[in-house]
Amino acid sequence: MSEIIGRVNSLESFGSVDGPGVRYIVFLKGCHMRCKYCHNPETWSMEGGMEMTPSQIMEKAIRFKAYWKNGGGITVSGGEALCQIDFVIELFKLAKSKGINTCLDTSGNPFSMDSEYLKKFDELMSLTDTFLLDIKIIDDEKHKILTGWTNKNILELAKYLSDNNKDMWIRNVLVPGVTDDQEDLEGLRDFVASLKTVKRFEVLPYHTLGVVKYAELGIKYELEGVLPPTKEEIQRANDILETEKYQGYLGR
């Protein structure tokens with residue numbers, strides 16, 4: 001049987017922020033959400049990119065195995081990695097057969113409690129050591145405005161991972177005037193506190209490095225004029241979210 005083909009946007013050999021230790025990162029194509037602050041709009045479409053098999057990726061990644069200390073390994077990101085769940089399953093099967101640590105970086109948008117979907121997701125979950133889950137904003141209506149989609153299934157995903165004892169890191173992008181409301185941050189703090197398996201909780205400061213891509217793609221950038229948060233604003237968010245409580249992963 002021929003191998004499944006994935007659409008890959010890019011590859012990174014020495015990632016240091018997408019999971020424990022040093023990681024080989026596979027950025028896949030495809031994402032349904034349209035986050036206003038997304039810095040990789042070129043990944044939204046499933047068109048373009050590189051067509052690769054899991055074996056081809058593993059052949060490239062394994063060359064860097066000597067650097068994967070402190071729990072390092074392979075991370076699959078996006079786009080939205082769950083848009084190509086069958087491909088990720090096959091890649092992670094290969095990784096686990098070689099004893100390689102696996103991380104999935106996801107915003108959770110495709111997740112569903114539908115039995116057919118869960119069958120696939122459970123297989124992926126069994127092959128994944130750590131989930132890196134981005135929660136954009138806790139309020140569902142604000143989430144729809146920010147991303148175009150509900151967050152109800154995303155929060156279900158977080159609870160499902162917790163109930164199944166899967167390690168996760170929670171990440172939240174801090175955008176001044178958009179995701180920094182006190183009530184929203186407190187709501188996110190309380191939700192994360194209800195989960196049992198959160199090893200790390202991180203504030204990711206909004207940046208404008210991807211803005212030039214919007215002009216190149218002919219897409220209107222909706223947060224024009226919004227500045228990155230100051231050190232004080234970042235500290236305020238960390239204080240409200242109580243992120244210092246979640247420092248449980250070696251290698252970081």
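A search of the whole structure finds 17 salt bridges, a salt bridge being a side-chain nitrogen of Lys or Arg within 4 Å of a carboxyl oxygen of Asp or Glu. The structure is a predicted model, in which local features need pLDDT of at least 70 and side-chain atom pairs count only at pLDDT 80 or more, whereas totals for chains, interfaces and linings use all residues. Residues are numbered from 1 along each chain as its sequence is written, and side-chain values use heavy atoms, with hydrogens and water left out.

Among these salt bridges is that between Glu222 and Lys36, with an N to O distance of 3.8 Å. Glu222 lies in the loop between helix H7 (211–217) and helix H8 (231–241), and Lys36 in the loop between S2 and strand S3 (50–52), so the pair ties together parts that are 186 residues apart in sequence; helices (H or I, at least four residues) and strands (E, at least two) are DSSP runs, numbered from the N terminus. Glu222 counts as exposed at 52% relative accessibility, while Lys36, at 23%, counts as partly exposed, where buried means under 20% relative accessible area, exposed over 50%, and partly exposed in between (1.4 Å probe, protein chains only).

Turning to the strands, 5 of the 5 residues of strand S4 (residues 73–77) are buried, so S4 is largely enclosed by the rest of the structure. Strand S2 (residues 23–28) runs parallel to S4 and is joined to it by 5 bridges, two strands being paired if DSSP finds at least two bridges between them; in this pairing, Ile25 stands opposite Thr75 in S4. S4 is also joined by 4 bridges to strand S5 (residues 101–106), again in parallel, and here Val76 stands opposite Leu104 in S5. From S4 the chain crosses through helix H2 (residues 85–97) to S5 in a right-handed β-α-β crossover, a crossover being right-handed if, with the strands pointing away from the viewer, the path from the first strand over the helix to the second runs clockwise.
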